[in-house]
Structure formats: C-alpha cells, structure tokens
Amino acid sequence: MNDEIKNNFHQTATTLAEALPYIQRYEGSTIVIKLGGHAMTSKSSMDNFARDIVLIKQCGVNPVIVHGGGPMINKVLSDLKIESAFAEGKRVTDSKTMEVVEMVLSGSINKSIVNAINNQGGKGVGLSGKDANMIQCVQDNPKLGFVGKIQKINIDLVQNFLESDFIPVIAPIGFGVNGETYNINGDTAAGAMAASLLADRLLLLTDVIGVKDADENLINQLTVEEARELIDAEIIKAGMIPKVNTSIKAIEDGVRASVIIDGRVEHACLLELFTSHGIGTLFRKSFG
C-alpha cells in the first residue's frame, strides 16, 4: 500500500472520528429538510442526497423531508399548454393548474425521492399534507386561487414515523375544511412542519451559498434581530427574503436553529450537521 492511499485512509478515519461528538449531539433529534433546487435536478444529485439522508437516519437522527418542485411543475404545465402566471412571487393556481401541481408534487416528484432513499437502503414513505389531514389550509389570497395559507398541522402521522425506521417525504399540498386542495410554498410548509415538531434544525437547501453581506461575502450566522435589520437595509432582498422570513418564523415558533445551505455542495447536509464549521448561514435567537 503506497503512502498516498494510506494518507487517504487516515483522513477518512480522522473525519469519522471528528464527526462522533456531532453524531452524539444530534442523536434522537428531529431535523426537517426542505429539498429543492439543484439537489433535485439530476439522478446523481438525488442519489447523493438520499445516501446522506439514510446515513443521518442510521446515526439516530430523525430526518423529515419536505420538497418543492417548481421547475418540474412548469415543464408539465408547458407540455400540457396550460399557461402559468405568478403574482406576489406565488403561482396563480386555478383548478386545472391545481390538478397538475398535485399530480407532479404528490406523484412523480415525491415518489422519485422515496425511490432514491429506498435504493440507498433506507425506508422512505411518501406523503402529502392531505394524508391523515396533516396540513389544514385556508385560501391565502383570492387573486392566487388555490394557494394555501397554513392554519394547522397535525403531526400525529409524522410522529409515528419518527419513532420507527421510516423516513417521511412530504409534498407541500394541503386541504381545506370544505374539501379544497391547496398548493403551499415548500419553504413555508417546511418551516411550519419544523415548528410543529419542535425540530432541532430546519435545513433549507437552495442554489446559493447562503445570506451575503453588502460586499457579497457569506454571513455565517445571524440572530433573528440581525436578520430583520438586514432585510430593512435591503441587504437581504429578492428571493432570499422568503427563506429568511421562514427561518425567523420557525425559530420564533420553537425551532432551535435554521440554516440556509447550498444544495449544490456535495454532502451539504452532512457537512452542516456533522462537522465543526458547517456551511451556509445559521439563524438562532441569539449566540453565545
């Protein structure tokens, strides 16, 4: 065995040893992960994500996956020649569009994630917010059609899975008291689920490295108050605002911490949970 191979083996062993205190720290904890962006765009990315999730579960941590699927929905709507419009950053969802949204989110996307987890030796279970009356909604805005505002989350079904070997994978589809079906923003659904479960961490996978300062440098950590100040100063802006607001609300509702991380980074979830430096931007009520 040459020196290079020995060094590689030694580095692997060192990395595993260094992960031990973090594995111990999170054992028994619930981690809600919003899956979206690059991590969903190719089979290899999905397989890498699924392998990490199975490893996290094997380490005694309880992952709950909430996923999005905007680009896939756009493609199917285009293929079906159904026009898609947006208002206030949200998809205008009429009844015909809602049928497509549910088909894509609860069907093909959800099952592809479940299949990826199962292929890595895990036990993924596909759900939507309509199962067991999990996510109850009201209409967010009449102009948006069937876009839901979450009123209540029933965690009983998810809680049962956390106490087993199964990994729940949840499509952000909700129900109304009169039988309506609602499309829910994936980040919002993940944040509300994390708060309802009193999760230790909410991980929001996206396609940027995290929150940046005025000089475009990554901000590693922010308190809720600091995050609000950056929004007011328009340093946090555009598409980052909803994700930061989701993190703020989740923390105020009982989640210990939230992290916006770059899902394009290989093993992003493992790096965040099981290493000393983590990646992305970490939000807490306070530090120190």
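1. Both faces of strand E11 are covered: Arg201, Leu203 and Leu205 on one side, and Leu202, Leu204 and Thr206 on the other, are all buried. Here buried means under 20% relative accessible area, exposed means over 50%, and partly exposed lies in between, with a 1.4 Å probe and protein chains only. The strand spans residues 201–206, and six of its six residues are buried. Helices (H or I, at least four residues) and strands (E, at least two) are DSSP runs, numbered from the N terminus.

2. On the basis of this note: the model is predicted, so that local features need pLDDT of at least 70 and side-chain atom pairs count only at pLDDT 80 or more, while totals for chains, interfaces and linings use all residues. Residues are numbered from 1 along each chain as its sequence is written, and side-chain values use heavy atoms, with hydrogens and water left out.

3. Strand E11 pairs with two strands named here, where pairing requires that DSSP finds at least two bridges between the strands. Strand E1 (residues 30–35) runs parallel to E11 and is joined to it by four bridges; within this pairing, Leu203 of E11 is the bridge partner of Ile33. Strand E13 (residues 257–262) also runs parallel to E11, with six bridges, and Ala257 in E13 is the bridge partner of Arg201.

4. Strand E8 (residues 167–171) is largely enclosed by the rest of the structure, because five of its five residues are buried. Ile167, Val169 and Ala171 cover one side and Pro168 and Ile170 the other, all of them buried. Strand E2 (residues 62–67) pairs with E8 in the parallel sense over two bridges, and Val66 stands opposite Ile170. Strand E5 (residues 124–128) is likewise parallel to E8, joined by five bridges, with Val125 opposite Pro168.

5. Which residues form the aromatic pairs? Rings of Phe, Tyr and Trp (its six-membered ring) pair if their centres lie within 6.5 Å; planes under 30 degrees apart count as stacked, over 60 as edge-to-face and the rest as tilted. Two aromatic pairs are counted by this rule. The rings of Phe146 and Tyr182 have centres 6.2 Å apart and planes at 45 degrees, so this pair is tilted. Phe146 lies in the loop between strand E6 (135–139) and strand E7 (148–153), and Tyr182 in strand E10 (residues 181–183), so the pair ties together parts that are 36 residues apart in sequence. Phe146 is partly exposed, at 29% relative accessible area, whereas Tyr182 is buried at 6%. In the pair of Phe161 and Phe166, the ring centres are 6.0 Å apart and the planes stand at 75 degrees, so the pair is edge-to-face. Phe161 is buried, with a relative accessible area of 15%, and Phe166 is partly exposed, with 35%.

6. Phe166 also takes part in a contact with a charge: Lys123 lies over the face of its ring, 5.7 Å from the ring centre. The charged end of Arg25 sits over the ring of Tyr26, 4.5 Å from the centre. A charge sits over a ring if NZ of Lys or CZ of Arg is within 6 Å of the ring centre and within 35 degrees of the ring normal.

7. The largest pocket holds about 1,300 Å³ of space. Of the 46 residues that line the largest pocket, Ile184, Asn185, Gly186, Asp187 and Thr188 are the closest to its centre. On a 1 Å grid over the protein atoms alone, a pocket is an open set of points where a 1.4 Å probe fits, with protein on both sides within 12 Å along at least five of seven lines; lining residues have an atom within 4 Å of a point. Grid points are joined across faces, edges and corners, and the volume is the space filled by probe spheres set on the points.

8. Elements that each supply at least two residues of this lining include E1, E11 and helix H6 (186–196). Helix H8 gives the largest share, seven residues. By class, the lining has 17 nonpolar, 18 polar and eleven charged residues. Ala, Val, Leu, Ile, Met, Phe, Trp, Tyr, Cys and Pro count as nonpolar, Asp, Glu, Lys and Arg as charged, and the others, Gly among them, as polar.

9. Two backbone angles deserve a remark. Most residues other than glycine have a negative phi. Asn133, in the loop between E5 and E6, has a positive phi near 50 degrees. Glu216 has a positive phi of about 70 degrees; Glu216 lies in the loop between E11 and strand E12 (221–223) and is exposed, with a relative accessible area of 52%.
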